[in-house]
Amino acid sequence: MIPDGDTPNALSIVRCLGEIKKIKVFVLSRDKKHPIRYSRHISKFIYYPKIGTEEDKLKAIIDAIEETKADILLPIDIEFIRLVSSNKDVLSKLIALAPVPEVDAFDKANDKWLLSKWLKENNLPHPETILFKPTDSIDKVISTLTFPIILKPTIGFGGKGIEIIKDPKELLNWYNKYNQAEDYIIQTYIKGYDIDCSVISIDGKIIIHTIQKSIKYLTDDPWSYAMEFADNQDVYKIVQEIVEKFNWTGVNNI
């Protein structure tokens, strides 16, 4: 059972699961007309209204478990991974849970500022990072920076809201459009390529991993549009240490 079928990655995951015979996939969704409803790879689509409280979401999941008799609960996005993690004691009595991290570890990994502090405390590689809050003076911040820099919302994924700033003038232009609704981190921008490691781990031990390297870029665009799988022991050793010190259980991409 996928409890968050209206999230961005849900349809891709359903298609992957559809490649495996004899698996029935049940999907919950808060979007009555979500395209996943019409996928040939799902056995049942269960709609429930958009509700805000954790208790209501938990009840919707429990009701769906009882209705479908599903064997495994597979949350796939941030909101529901955290919900399942914080309610493991209740849910594990009803259904097997895909591996999820402890709430404390999850919250530190999900917040880019908390993560940068944790990396520093644990002597792990990280770019110089400062926190920029809505109440901070942009003029004081500019005086402390060496450009270029990269701006990131403390909470978010998929590159949303991330900007590369070349000089103080660009930063002021960004600030003039800044809605002051969320915290940002400012980091040293390191020109180069992305290389990342995806893992499944249990209690801080990596079970399986892949390493991906970005290889194709457009002119004046920092984001790649192609990648290759790689074998990089330097990357793996760093990731192994992060996973171990976090005592991470579940999936992660670093």
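**Exercise 1.** How are α6 and α9 oriented to each other: roughly parallel, roughly antiparallel, oblique or roughly perpendicular?

*Solution.* The model is predicted.
Step 1: locate the helices. Helix α6 covers residues 112-121 and helix α9 covers residues 233-246.
Step 2: take the geometry. Their axes cross at roughly 100° and come within 12 Å.
Step 3: classify. Angles of 65 to 115 degrees count as roughly perpendicular, and α6 and α9 are therefore roughly perpendicular to each other.
Step 4: list the contact residues. Helix α6 contributes Leu-115, Trp-118 and Leu-119, while α9 contributes Ile-242, Lys-245 and Phe-246.
Step 5: sort them by class. The contact of α6 with α9 has five nonpolar residues, one charged residue and no polar ones.

**Exercise 2.** Describe how helix α2 packs with helix α3, and state the make-up of the contact.

*Solution.*
Step 1: helix α2 spans residues 54-68 and helix α3 spans residues 78-86; the angle is about 85°, with the axes 11 Å apart.
Step 2: that angle makes α2 roughly perpendicular to α3.
Step 3: on α2 the contact is made by Glu-54, Lys-57, Leu-58 and Ile-61, and on α3 by Glu-79, Phe-80, Leu-83 and Ser-86.
Step 4: by class, four residues in the contact of α2 with α3 are nonpolar, three are charged and one is polar.

**Exercise 3.** Which residues form the nonpolar patch on the surface, and which strands supply at least two residues each?

*Solution.*
Step 1: the patch is formed by Ile-200, Ile-202, Ile-207, Ile-208 and Val-251, with about 450 Å² of accessible area together.
Step 2: β9 (195-202) and β10 (205-217) each supply at least two of the patch residues.
Step 3: Val-251 lies in strand β12, residues 250-253.

Notes:
Residues are numbered from 1 along each chain as its sequence is written. This is a predicted model: local features need pLDDT of at least 70, side-chain atom pairs count only at pLDDT 80 or more; totals for chains, interfaces and linings use all residues. Side-chain values use heavy atoms; hydrogens and water are left out. Axes are lines fitted to C-alpha atoms, for helices over the stretch in contact, and angles run from 0 to 180 degrees between N-to-C directions. Helices (H or I, at least four residues) and strands (E, at least two) are DSSP runs, numbered from the N terminus. Angles under 35 degrees count as roughly parallel, over 145 as roughly antiparallel, 65 to 115 as roughly perpendicular and the rest as oblique. Contact means heavy atoms within 4.5 Å. Ala, Val, Leu, Ile, Met, Phe, Trp, Tyr, Cys and Pro count as nonpolar, Asp, Glu, Lys and Arg as charged, and the others, Gly among them, as polar. Patches are made of residues with over 30% relative accessible area and no salt bridge: like charges are joined within 9 Å, nonpolar side chains (Val, Leu, Ile, Met, Phe, Trp, Tyr) within 5 Å. Accessible areas come from the Shrake-Rupley method with a 1.4 Å probe; for residues, only the protein chains shown count as cover. A salt bridge is a side-chain nitrogen of Lys or Arg within 4 Å of a carboxyl oxygen of Asp or Glu.
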